[in-house]
Amino acid sequence: IALFNGFRPSDALLLGVLSYNIGPGAVQKSTVYKKLRTGDRNIFKSYTSHCRYKGKFHKQLHQRRLTEIAALFVP
């Protein structure tokens, strides 16, 4: 979470959770990071798109992303 100090606390937490799962380098290249950096709060589709394992859609990862954004994201 310390990597994302320039964001709102709730956004830093959300990015920290995502970075735990996909890695901090991947998060910093993601559209979620770029949208939050520019102030765009419409990240639902971008955040939930991180649900692939070995290139294939994974239903439980998608469910996890839905739970994370519902619990942690403050619009």
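Guide: The buried residues of α5 are covered by several elements, including α1, α4 (44–48) and β1 (52–53). Keep in mind that this is a predicted model.

Start with the helix. Helix α5 runs over residues 59–72, so to count it out, it has 14 residues. From its first C-alpha to its last it reaches 20 Å. That is close to the 20 Å expected at 1.5 Å a residue.

Now look at its two sides. Leu-61, Arg-65, Glu-68 and Ile-69 are the buried residues in α5. They lie on the same side of the helix, because they cover an arc of only 90° around the axis. Turn to the other side of α5. There, Lys-59, Gln-60, Ala-70 and Ala-71 are exposed.

Pick out Arg-65 on the buried side. This residue belongs to helix α5. Its relative accessible area is 2%, under the 20% cut-off, so Arg-65 counts as buried. What does Arg-65 touch? Leaving aside residues up to four places away in sequence, Arg-65 touches Leu-18, Asn-21, Ile-22, Tyr-47, Thr-48 and His-50.

Next, follow α1, one of the elements covering those buried residues. α1 spans residues 9–22, and α3 spans 31–38. The largest nonpolar core has 14 residues. Among its members, Phe-4, Leu-15, Leu-36 and Ile-43 touch the most other members. α1 and α3 each supply at least two residues of this core. The largest share, four residues, comes from α1. In soluble globular proteins, nonpolar side chains tend to be buried together.

Now step to Phe-4, one of those core residues. At 1% relative accessibility, Phe-4 counts as buried. Set aside residues up to four places away in sequence, and Phe-4 touches Ala-12, Leu-15, Gly-16, Ser-19, Val-27, Gln-28 and Tyr-33.

Finish with the rings. There are three aromatic pairs by the rule used here. One of them joins Phe-4 and Phe-7, and this pair is edge-to-face. Their ring centres are 6.3 Å apart, with 65° between the planes. An angle over 60 degrees is what makes the pair edge-to-face. Phe-7 is buried too, with a relative accessible area of 11%. Ring pairs also bring in Tyr-33, linking Phe-4, Phe-7 and Tyr-33 into a cluster.

Key
Residues are numbered from 1 along each chain as its sequence is written. This is a predicted model: local features need pLDDT of at least 70, side-chain atom pairs count only at pLDDT 80 or more; totals for chains, interfaces and linings use all residues. Side-chain values use heavy atoms; hydrogens and water are left out. A nonpolar core is a set of buried Ala, Val, Leu, Ile, Met, Phe, Trp, Tyr and Cys residues joined through side-chain atoms within 4.5 Å. Buried means under 20% relative accessible area, exposed over 50%, partly exposed in between (1.4 Å probe, protein chains only). Contact means heavy atoms within 4.5 Å. The expected span of a helix is 1.5 Å times one less than its number of residues. The arc is that of the directions from the helix axis to the C-beta atoms. Rings of Phe, Tyr and Trp (its six-membered ring) pair if their centres lie within 6.5 Å; planes under 30 degrees apart count as stacked, over 60 as edge-to-face and the rest as tilted.
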